[in-house]
Amino acid sequence: MREVNDDQKPTDAPLPTARRHLRLSERFLLIALAVGLAVLVRWPLSVSLWAAPMDPNSPLHILALEQIAGGGRWTEISNLAFPTPVPIRMVALPTLLLGAPIAQFTSSMAALNLATTGMLALQGLSLAWLAGRMGGGPKAQVVAITAGVLAPISIHVQALGQQENLGFLAMALAVAGASSSGRSSWIMCLTSLFLAGFSSPYQ
């Protein structure tokens, strides 16, 4: 049998590089970028909180938010054809739940404008979180935020008031859950299904 020299012996494979944790300043800059882009996309509703959106769907979202924030039933809207409640399926539930605490301190219209801007920023931040989880650095996360907030679907949604179609948060959780293992993977997958299932009937 032929001898194996030392230089021919198999070497250990290099260990995978650990993900670099972002510094606090880097996280702040990523959040500022996401919020800044969201404010820009939703201008002027992102700053004129009491301005009425002119799209055909936001008035229904405002009534739905008023219903949820007031502790009403989630299967009807009481003020749509007052005094008779109208049975309806709530859509854009993640945005509505984000706006419900805000509606305790201001009008439902202002709360919806704030919640919609916040949900739009979360589209980018969720993709940035996913990029970092997959090993991407700050550059990749900046690209992810920009792509999430400025994606054609994100901008198109604002024109029609179809906030139920903002689905990047659920998609990011689904991908992260499917690519990991353990209890956390199931939690992320089930949360993504909940967010998608109770966001829109179209997804």
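Modeller: Happy to. The chain exposes about 12,200 Å², and carbon and sulfur atoms supply 68% of that area. Please keep in mind that this is a predicted model. The chain has 203 residues, and 38% of them count as buried. It holds 8 helices and 2 strands, and from the N terminus the elements run α-α-β-β-α-α-α-α-α-α. Among contacts with a separation of 6 or more, 62% are between residues 24 or more positions apart.

Now to the part you asked about. In soluble globular proteins, nonpolar side chains tend to be buried together. Here the largest nonpolar core has 25 residues, and the members that touch the most others are Leu-120, Leu-127, Ala-144, Ile-145, Val-149 and Leu-166. Two or more residues of this core come from each of helix H1 (24-41), helix H4 (108-133), helix H5 (138-150), helix H7 (168-178) and helix H8 (183-197). H4 gives the largest share, with 7 residues.

Leaving aside residues up to four places away in sequence, Leu-120 touches Ala-38, Val-41, Arg-42, Val-149, Ser-154, Gln-158 and Leu-166. Two of these partners, Val-149 and Leu-166, are also on the list of core members that touch the most others. Apart from this core there is a second, separate one of 12 residues, including Leu-65, Leu-96, Ala-103 and Ala-111.

Next, let us follow H7. The residues buried in this helix include Phe-168, Ala-170, Ala-172, Leu-173, Ala-176 and Gly-177. Their cover includes H4, H5, H6 and H8. In the loop between helix H6 (152-160) and H7 sits Gly-167. Gly-167 counts as buried because its relative accessibility is 15%, and the cut-off for buried is under 20%. Between Gly-167 and Ser-154 there are 9.1 Å from C-alpha to C-alpha, and the two are 13 residues apart in sequence. Ser-154 is one of the residues that Leu-120 touches.

Let me finish with the charged pairs. The count of salt bridges comes to 2. In one, the side chains of Arg-23 and Glu-26 meet at 3.5 Å, N to O; Glu-26 counts as buried, since its relative accessibility is 14%. In the other, the side chains of Glu-76 and Arg-73 meet at 3.9 Å, N to O. Glu-76 is buried, with a relative accessible area of 16%, whereas Arg-73 counts as exposed at 55% relative accessibility.

Key
Residues are numbered from 1 along each chain as its sequence is written. This is a predicted model: local features need pLDDT of at least 70, side-chain atom pairs count only at pLDDT 80 or more; totals for chains, interfaces and linings use all residues. Side-chain values use heavy atoms; hydrogens and water are left out. A nonpolar core is a set of buried Ala, Val, Leu, Ile, Met, Phe, Trp, Tyr and Cys residues joined through side-chain atoms within 4.5 Å. Buried means under 20% relative accessible area, exposed over 50%, partly exposed in between (1.4 Å probe, protein chains only). Helices (H or I, at least four residues) and strands (E, at least two) are DSSP runs, numbered from the N terminus. Contact means heavy atoms within 4.5 Å. Accessible areas come from the Shrake-Rupley method with a 1.4 Å probe; for residues, only the protein chains shown count as cover. A salt bridge is a side-chain nitrogen of Lys or Arg within 4 Å of a carboxyl oxygen of Asp or Glu.
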